[in-house]
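I wanted the overall build before any single site.

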Amino acid sequence: MEVKQKLDLSKGMYDAGDHMKFGLPMAFTATVLSWAILEYGDQMDAVNQLTPAKGSLKWITDYLINAHPEANVLYIQVCSYSMASKCFYFKHAKELFTFADKYRVLYSESIPEVATYYNSTGYGDELLWAASWLYHATGDKSYLQYVTGQNGKLFAQWGSPTWFSWDNKLAGAQVLLSRLTFLGNKDTSNSNLQMYRKTAEAVMCGLIPDSPTATKSRTDGGLIWVSEWNALQHPVASAFLACLYSDYMLSSGTAKLSCNGDSYKPSDLRKFAKSQADYVLGNNPMKMSYLVGYGEKYPQYVHHRGASIPADATTGCKDGWKWLESTEPNPNVATGALVGGPFLNETFVSNDRNNSMQVEPSTYNSALIVGLLSGLVTTSSVVQSFT
């Protein structure tokens, strides 16, 4: 959509290595980062990362607010909850939710140009994800009724575990709503709310390696592996959810999780989460950290304009190609960037900047790894309520 209004869209984040902003993955980035701050803000503060995390979040939410100049006008797409500019942002979040619920259509059908980059496979998960966050943020029971009523029956896929990602938020919504059942919410008797928890339990059982229902979608080295493109999104997202769920169990005094008759403890979920983090940080067959700037060996040819173009270079719009094709390592280090990761056979082509599926980082990967590592700082309980 061409921007004809005088809008300040200078903030926000480029989604990955190139200079493009996409509302759908950016909203996911903001929501996951919000979740991490809400649950693990104390841990972030202990390592002096809470202020930078809040700053990054506000940078995104300022953009998202500006991208929504009127009730039914939205530049690209957005559906998110955050702590920044709370009261003002709630107004936008509520209006956008109403807008999305009224006009139910894939955002990539509404804006075909984005389909090449971020083609959506459904909108039901976004509606449930948004309503879940709006309930947590406002306490308005209409949002809880939304997710547990007919819309839950239509979109929640109760009993069918899914992978958490920018495109499918169902597993995230299930874990978030199960939080209500763990931490003493008075609406926990709602049978459909319990269905979210049962499905979240199925997700967790699939992640624990020796569970009877453990997923076979893993590398030989134990990494959850679902997609060749940006392979690390799913294991890091899964580990983040496992870390959250284990802390919900600890906070509520829930001693065990039952998986087809076998019992597992919160520590089993944390062990899984740590295994995925350890793999990302270098405990893998390549002996490589996939988090740029961490460890002695990490990707040097990251598909990222800021990293690959010298800081003192004078460039025009199309001058970046010569650095993209350069055989020299990047002159700048994109510290903290989480790249796409290994193939199923655990190989990694590290010296080709054009190998986008493996060496390109993304903001949503970054938000997920921030959440995961923050949750692993200490074994701790989570806050009782967000409001």
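**Overall build**

What radius of gyration does the chain have, and what would a compact globule of 387 residues have? I am working on a predicted model. I found 20 Å for the chain. A compact globule with 387 residues would come near 21 Å, so the two agree.

I boxed the C-alpha atoms along the principal axes and got roughly 60 × 50 × 40 Å. I then looked up the secondary structure: 16 helices and two strands. Of the 387 residues, 54% count as buried. The accessible surface is about 16800 Å². Carbon and sulfur atoms account for 51% of that surface.

I also checked how far along the sequence the contacts reach. Taking contacts between residues at least 6 apart in sequence, 69% join residues at least 24 apart.

**The annotated site**

Which residue does UniProt list for "active site"? The record gives H303, and the entry is unreviewed. I located H303 in the loop between α12 (266-280) and α13 (305-308).

Is H303 buried or exposed? Its relative accessible area is 7%, under the 20% cut-off, so H303 is buried. I listed what H303 touches, leaving out residues up to four places away in sequence. The list holds G17, D18, L324, R353, N354, S356, V359, E360 and P361. One of these, R353, also gives a polar pair: its backbone oxygen lies 2.8 Å from a polar atom of the H303 side chain.

**Two helices checked for length**

At the start of α10, a side-chain oxygen of N190 reaches to within 2.9 Å of the backbone nitrogen of N192. N192 is itself buried. Other buried residues in α10 include L193, Y196, R197, V203 and M204, and the helix ends on buried C205, G206 and L207.

I ran the test again on α2 (residues 50-66). The 17 residues should span 24 Å, and the end C-alpha atoms are 24 Å apart, which agrees. Buried residues in α2 include L50, A53, L57 and I60. I also noted T61, D62, Y63, L64 and I65 as buried there.

Next I went to H136, which lies in helix α6 (residues 124-138). H136 has 8% relative accessibility, so it counts as buried. What lies 2.9 Å from a polar atom of the H136 side chain? I found the backbone oxygen of S132 there.

S132 came up again from Y143. The two are eleven residues apart in sequence, and their C-alpha atoms are 6.7 Å apart. Y143 sits in helix α7 (residues 141-148). At 9% relative accessibility, Y143 counts as buried. Beyond residues up to four places away in sequence, Y143 touches K94, F97, A131, L134, Y135 and T138.

**A buried arginine**

R270 is in helix α12. Where does its side chain make a polar contact? I traced the contact to the side chain of D247, at 3.5 Å.

**The loop between α10 and α11**

I looked up T219 in the loop between α10 and α11 (233-252). T219 has 6% relative accessibility and counts as buried. T219 and E346 are 127 residues apart along the chain, yet their C-alpha atoms are separated by 6.9 Å. E346 is also in contact with T219, along with W225, Y279, F343 and L344.

N230 is found in the loop between α10 and α11 too. I flagged its phi: positive, about 55°, although N230 is not a glycine. Most residues other than glycine have a negative phi. N230 counts as buried at 7% relative accessibility.

N260 is found in the loop between β1 (257-259) and β2 (262-264). Is N260 buried or exposed? Its relative accessibility is 63%, over the 50% cut-off, so N260 counts as exposed. I set the pair side by side: N230 is buried, whereas N260 is exposed.

Terms used:
Residues numbered from 1 in each chain as written. Predicted model: local features only at pLDDT ≥ 70, side-chain atom pairs only at ≥ 80, totals over all residues. Heavy atoms only, no water. UniProt positions renumbered as here; feature names shortened; annotations may be inferred. Helix = DSSP H or I, 4+ residues; strand = E, 2+ residues; numbered from the N terminus. Buried < 20%, exposed > 50% of the residue type's maximum accessible area, 1.4 Å probe, protein only. Contact = heavy atoms within 4.5 Å. Polar contact = N/O pair within 3.5 Å; in protein donor to acceptor, adjacent residues only side chain to side chain. Rg over C-alpha atoms; globule rule 2.2 N^0.38 Å. Areas by Shrake-Rupley, 256 points an atom, 1.4 Å probe, with all protein chains shown as cover. Expected span 1.5 Å × (residues − 1).
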